[in-house]
Amino acid sequence: MSAAAASDALVAVDRLSKHFPVGRGWGRGGRVVRAVDDVSFTIGRRRIVGLVGESGSGKTTVGRTLLRLVEPTSGRVTFDGGDLLALDAARLRAVRRQMQIIFQDPYSSFDPKLTVEAIIAEALTAHAPMPRDERRTRIAALLRRVGLQPEHMARYPYEFSGGQRQRIGIARALAVEPKFIVADECVSALDVSVQAQVLNLLLDLQEELGLTILFIAHDLAVVDYLCDDIVVMYLGKIMEIGPAEQVCGDPKHPYSEALLSAVPVPEPGAARRRIMLSGDLPSPIDVPSGCVFRTRCPYAGDACASDVPPLREVAPGRFSACIKDR
Amino acid sequence: MSAPSESVAALSGARLWAILRQRKAVLLGLAILAAIVLLAVFAPYVTPYEPNRMRISQRMRPPSAQNWFGTDEFGRDIFTRVIYGGRISLLAGALTVLVACVSGTVLGVLAGFFKRIDGVISRIIDAMMAFPDILLAIALVAVLRPSLANVVIALGIVYTPRVARVVRAATLVIRELPFVEAARALGVPTWRIILRHVLRNLASPIIVQGTFVFAYAILAEAGLSFLGTGVSPETPTWGTIIAAGQQYARQADWIMIFPGLAIVLSVLSLQLVGDTLRDILDPKLRKDL
């Protein structure tokens, strides 16, 4: 984004790529999946940035790379002014106190053999030992903070509902008092009514603790509700960046437009133009030349196949990777 | 709560009992196993004679009220010797399980968790598994000299790859699970992730594999003893009794039959228990993790 915004950013991602080699052994010709390809964006302090895209767009890989759970192939990630990718193992562990992740699957993200107390205690004691009494007080406070009871401490994760488990996941993430949280599809597995509760909890916590959140989702309605800014990804590339209400109200990129038209409107009979994308996501091994979206884009022309369209500022604070002005 | 996931902790006594009732065979297996172990432990109190007391006048007597399993070529009571033999055979089996499970788990976790050394460890495991078990055991005991300790070491080495393979496969699954990633994101050191999360969740496959190794080890120990590469021939084990009775098979087949039955019963019941344990514990590994 703009230079002013970049200097104030907590997280700056610069030309990040992650390519996974396909197959193993000799003679396979070094084919790669371009899960994330030349992605740049920034996340301002105390902002909630939504990262949207369909399955396979690389949004989860971006989230994991920001926490260095996945090592990128190339590019830079700056966290709070420091180069995240240059850190050695010991320093990385220290920085990890400041960044956390909330997972999509509330079932497999907890060790089934540990109680809630042990799960959160692990977060509290990961960096420094803590006396048992203090630990229990802190765990009780954390559980209360996320809307659970201190008595829940002695139970196992399987004794909770999906929404409650997600609250435990949030409590675990908050235990290290992070500045930055990656919420990876953290409500996708929940019922709609429970989704709203968890989203509101996240919003409350963000305001209260001044958190910066990267909210990864495929549901634009959820992102619109929660986020300040939106980054739209397709096939490992960024299609559009902009303030949430603007992107959702007036999408600049044809892909954002198509995504938006898929959001159900809670108004019977509302007249809307539905853009049905034909076909599937192309294989990330053989990405289309030029614009990666052109194979499914209703406006695609010959020019779209020749060059990769750069992300350009189409309006103040709005960036779109489409060669057409619309 | 949707899809209540079962873990070992969730497996209530009632549910366990329901599973056991469905499979009556396993109850029989457990009962036989318990009986064999108890007899071996309390051997001096339950046997009517001394295991090595020879009574030449009573040699090669068929089973009778005085000698339930008959007597051997020196007039020693076969029942007594089978019970005492069980002590060594079970001990050898149990120690082998211990050796194989410890070394197999260490190798399997290292191979599964650290991709860099996986190639080397896996190839060694494959190479070892290419040898027939008993042949490798004979070769190892021959190098180490026959004794109980060396039999245990040799069999422990022979069955290490079996455990290591299963542990490696399970580790590969566990290391990619979100809760391991969560621990990494929290900054938990790798060694603590392995000790706390990986090993804890490996318990089920190791227990199951250990049961099978126990059965194989009893069989292999008997085989080694029979071939004269196991414990010294005068020590009664199921294998040595059969080996000694072999030359009298025509005149006194009971010398071989009863220790043979002891082997069959213990191996069979171990396999039954192992199968059931696998059915109880393993679906959880797939579903819950």
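A residue is called buried when its relative accessible area is under 20%, exposed when that area is over 50%, and partly exposed in between, as judged with a 1.4 Å probe on protein chains only. By this scale Arg15(A) is exposed, with a relative accessible area of 52%. The structure is a predicted model, in which local features need pLDDT of at least 70 and side-chain atom pairs count only at pLDDT 80 or more, while totals for chains, interfaces and linings use all residues. Residues are numbered from 1 along each chain as its sequence is written, chains are lettered from A and ligands numbered from 1 in the order in which they are written, and side-chain values use heavy atoms, with hydrogens and water left out.

Side chains of opposite charge can pair when their charged atoms come close. Where a side-chain nitrogen of Lys or Arg lies within 4 Å of a carboxyl oxygen of Asp or Glu, the pair is a salt bridge, and the structure holds 26 of these over all chains. One of them joins the side chains of Arg15(A) and Asp38(A), at 2.9 Å from N to O. This pair links distant parts of the chain, for Arg15(A) belongs to strand β1 (residues 9-21) of chain A and Asp38(A) to strand β2 (residues 32-44) of chain A, 23 residues apart; helices (H or I, at least four residues) and strands (E, at least two) are DSSP runs, numbered from the N terminus. Asp38(A) itself is partly exposed, at 35% relative accessibility.

Another salt bridge in chain A is formed by Arg47(A) with Asp229(A), whose closest N and O atoms are 3.1 Å apart. Here the partners are 182 residues apart, with Arg47(A) in the loop between β2 and β3 (48-52) of chain A and Asp229(A) in strand β9 (residues 229-234) of chain A. Arg47(A) counts as partly exposed at 33% relative accessibility, whereas Asp229(A) is buried, with a relative accessible area of 9%.

A further pair connects two helices: Arg136(A), in helix α5 (residues 132-145) of chain A, and Glu117(A), in helix α4 (residues 116-125) of chain A, are 19 residues apart, and their salt bridge has its closest N and O atoms 3.6 Å apart. Of these two, Arg136(A) is partly exposed at 33%, while Glu117(A) is buried at 13%. Salt bridges that share partners also join Arg34(A), Asp37(A) and Lys237(A) into one network.

We turn now to where the chains meet. In contact, meaning with heavy atoms within 4.5 Å, are 26 residues of chain B and 31 residues of chain A. Between them the two chains bury about 2600 Å², 55% of it on carbon and sulfur atoms, where buried area is the accessible area (1.4 Å probe) that two parts lose on being put together, summed over both. Two salt bridges are counted between chain B and chain A, including the one in which the side chains of Arg196(B) and Glu122(A) meet at 3.2 Å, N to O. On the side of chain B that touches chain A, the elements giving two or more residues are α8 (178-186) and α9 (190-226) of chain B, and the largest share, eight residues, comes from α8(B).

Helix α9 of chain B also holds Glu221(B), which touches residues including Ser89(B), Val151(B) and Thr237(B), not counting residues up to four places away in sequence.
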